[in-house]
Amino acid sequence: MRVIILGSAAGGGVPQWNCGCPNCLDARHDARGRMQSSVAVSADGERWILLNASPDLRMQFAAHHELWPRGLRSSPIGAVVLTDGEIDHTLGLLLLRESADRLPVYAPRGVSTLLGAEWPLYRVLSAYAGVEPRALEEGGPIALTDHAGTPFGICCSATAVARRPPRYAREVTAPAAAFDVGLRLTDERTGGTLAYVPTAGAMDDAVRRVAGGADLLLFDGTFWSDDELKAAGVDAPTAREMGHVPVGGAGGSLELLPRLDAKRVVFVHINNTNPILCRSSAQRAQVESAGIVVGEDAMEFELWACR
Ligand code: MLT
Ligand code: MN
Ligand code: ZN
């Protein structure tokens with residue numbers, strides 16, 4: 001299975017349009033920005049599955065020849081899988097409205113409900129090619145297929161992770177179904193396994209189940225510390241209140257990640273305020289000495305079950 005990190009940043013990207021934090025200032029000066037969170041995977045290198053639909057999709061597809069059209073109106077992207085209903089992971093669906101076919105979108109049931117109601121992307125898109133909502137039930141695994149029902153050779157299981165509904169749906173107090181899942185994707189031929197958990201509020205059994213023994217774990221690296229935004233002078237909730245377990249400190253993800261027995265661990269969905277983005281920071285050194293990689297846009301992996 002091939003895996004491409006299309007965008008390694010959390011919502012807002014780096015630089016964020018209205019942010020003057022040190023990382024955003026640096027990114028403007030050296031033109032080394034980061035696009036918002038999204039990943040592409042493929043078993044055959046020809047047909048690709050998009051994991052989360054970033055607002056930066058247009059540039060992300062243009063940056064990778066594998067994702068270029070093969071005809072006048074076509075795309076190697078055959079389906080989308082959503083881990084949650086956050087704006088930074090779903091807004092890109094609107095940018096796929098020119099699609100020739102109804103685009104299969106796998107999402108947890110709680111997310112499909114939001115996308116038909118509070119954040120009505122499915123309704124808006126129905127005036128265009130539209131999407132074909134497919135339920136990503138917990139458990140599985142299910143074989144992912146394109147709009148014609150042809151399997152991609154990748155199966156997927158979803159596990160609900162600790163999280164609250166998105167901010168635009170806070171009044172949805174008793175969710176009938178999961179809003180956030182971690183994904184475990186397996187190449188049916190090679191057995192190569194990707195665990196993808198870009199949003200996790202805690203290091204719990206759900207995370208252990210999704211990530212344990214994976215060939216590659218792409219994990220929530222949103223914030224270094226719980227009070228990161230407040231400390232930067234922004235009036236905002238804490239990392240944990242936003243549903244992101246911080247990387248550093250007591251109970252941070254860095255304590256447990258090396259013990260999950262994943263072959264490689266890479267942080268994704270990194271917020272622009274996170275000091276691990278600065279190559280000379282002490283926090284970056286701490287991550288690297290734990291054997292964990294700070295994800296970058298365009299990083300590529302080839303997964304084989306050769307453990
Ligand atoms: C999150 O990951 O917590 C959200 O995307 C935050 C946001 O609304 O940008
Ligand atoms: Mn986000
Ligand atoms: Zn910033």
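Student: What should I know before I start reading?

Tutor: The model is predicted, so local features need pLDDT of at least 70 and side-chain atom pairs count only at pLDDT 80 or more, while totals for chains, interfaces and linings use all residues. Residues are numbered from 1 along each chain as its sequence is written, chains are lettered from A and ligands numbered from 1 in the order in which they are written, and side-chain values use heavy atoms, with hydrogens and water left out.

Student: How many helices and strands does the protein have?

Tutor: Helices (H or I, at least four residues) and strands (E, at least two) are DSSP runs, numbered from the N terminus. Here there are 10 helices and 14 strands. The radius of gyration, taken over C-alpha atoms, is compared with a globule rule of 2.2 Å times the number of residues to the power 0.38. The protein has 18 Å, close to the 19 Å that the rule gives for 307 residues, so it is as compact as a globular protein of that length.

Student: What share of the residues is buried?

Tutor: Buried means under 20% relative accessible area, exposed over 50%, and partly exposed in between (1.4 Å probe, protein chains only). Of the 307 residues, 54% are buried.

Student: Which residues of helix H5 are buried?

Tutor: In H5, residues 109-116, they are Gly110, Val111, Ser112, Leu114 and Leu115. A contact means heavy atoms within 4.5 Å. The buried residues of H5 pack against helices H3 (87-90), H4 (92-95) and H6 (121-125), and against strand E5 (103-107).

Student: In what order do the strands of the open sheet stand?

Tutor: Two strands pair if DSSP finds at least two bridges between them. The 7 strands run in the order E7-E8-E9-E10-E11-E12-E13, with mixed pairing. Strands E7 (139-145) and E13 (293-294) stand at the edges, each with a single partner strand, so one side of each is left without a neighbour in the sheet. Within the sheet, E11 (residues 216-220) and E12 (residues 265-268) pair in the parallel sense over 4 bridges. One bridge joins Leu218 to Val266 in E12.

Student: Where is Phe223 placed, and is Phe223 buried or exposed?

Tutor: Phe223 is in the loop between E11 and helix H8 (228-231). Its relative accessibility is 3%, so Phe223 counts as buried. Not counting residues up to four places away in sequence, Phe223 touches residues including Leu229, Met242, Val245 and Asn271. Ala10 is 213 residues away along the chain, yet the C-alpha atoms of Phe223 and Ala10 are separated by 9.4 Å.
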